[in-house]
Amino acid sequence: MADPRPSSAREHQTPCVVSWYADLSPYTYLDSRRVVADDDGATALNIGWLGAGIRNPTGPAHDGFLPRLLELARHSHNQTRGRHICALCDDPPAIITMTHGLHRVGLGSSEIHVPGGEGIVYAAPTMICHYVAAHEYLPPQEFVDAVMRT
Ligand SMILES: [Zn+2]
């Protein structure tokens with residue numbers, strides 16, 4: 001049965017884990033036109049939509065990668081009213097924030113968009129900052145390279 005509450009009410013539900021999408025798969029979490037313009041022929045690709053029980057690549061982060069991710073998260077896109085919690089933490093906090101310089105960056109309710117190679121825009125949940133810092137998630141090299149070019 002459909003949820004009878006208006007969407008604005010449903011968005012205030014208990015925080016939920018982020019949806020899982022394979023790295024570099026086509027972006028479908030929200031309308032892709034919220035990532036790339038409809039008429040520029042670009043493709044939005046998923047990065048860092050991690051799920052519980054999924055084996056994620058891990059490894060040491062490139063020097064300077066996390067600060068750049070956090071800077072991108074400070075200027076995030078597609079802010080939603082809902083909030084995701086971490087699917088990888090054993091006892092995930094309801095709200096995850098990280099400090100970046102003098103700024104406190106809230107994670108879990110918006111996205112990072114990073115221009116990649118020609119015709120590519122990567123879309124990652126801001127939670128990717130936590131995944132890298134706390135769970136040693138290692139995104140695909142082409143995404144790391146794109147972030148380092150920002
Ligand atoms: Zn976590």
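In β5, which residue is the bridge partner of Ile 96?

Modeller: The bridge partner of Ile 96 in β5 is Leu 107. Some ground rules come before the rest. This is a predicted model, in which local features need pLDDT of at least 70 and side-chain atom pairs count only at pLDDT 80 or more, while totals for chains, interfaces and linings use all residues. Residues are numbered from 1 along each chain as its sequence is written. Helices (H or I, at least four residues) and strands (E, at least two) are DSSP runs, numbered from the N terminus.

Ile 96 belongs to the stretch 96-100, which is strand β4. β4 and β5 run antiparallel and are joined by 5 bridges; two strands count as paired if DSSP finds at least two bridges between them. The hairpin that they form has 2 residues between the strands, and Gly 101 there takes a positive phi near 60 degrees.

A residue is buried if 20 or more other C-beta atoms lie within 10 Å of its own, exposed if 12 or fewer, and partly exposed in between, with C-beta atoms placed from the backbone.

Leaving out residues up to four places away in sequence, Leu 69 touches Ile 112, Ile 128, Cys 129, Val 132 and Val 147; here contact means C-beta atoms, placed from the backbone, within 7 Å. Leu 69 is part of α2, which packs on α3 at an angle of about 155 degrees, with the axes 9 Å apart. The axes are lines fitted to C-alpha atoms, for helices over the stretch in contact, and the angles run from 0 to 180 degrees between N-to-C directions. α2 and α3 are therefore roughly antiparallel, the word used for angles over 145 degrees. On the α2 side the contact is made by Leu 66, Leu 69, Leu 70 and Ala 73, and on the α3 side by Ile 128, Cys 129, Val 132 and Ala 133.

Phe 65 counts as partly exposed because it has 17 C-beta neighbours inside 10 Å. Again leaving out residues up to four places away in sequence, Phe 65 touches Val 144, Val 147 and Met 148. Phe 65 and Val 144 are 79 residues apart along the chain, yet their C-alpha atoms are separated by 7.2 Å.

Now the other strands. An open sheet of 3 strands has the order β2-β7-β6, with mixed pairing. Its edge strands are β2 and β6, each pairing on one side only. β6 and β7 pair in the antiparallel sense over 5 bridges, and His 113 has Ala 123 of β7 as its bridge partner. α4 lies across β6 and β7, at about 85 degrees to β6. Pro 125 is in β7 and is buried because 27 other C-beta atoms lie within 10 Å.

Definitions and conventions. Contact = placed C-beta atoms within 7 Å. Parallel < 35°, antiparallel > 145°, perpendicular 65-115°, else oblique.
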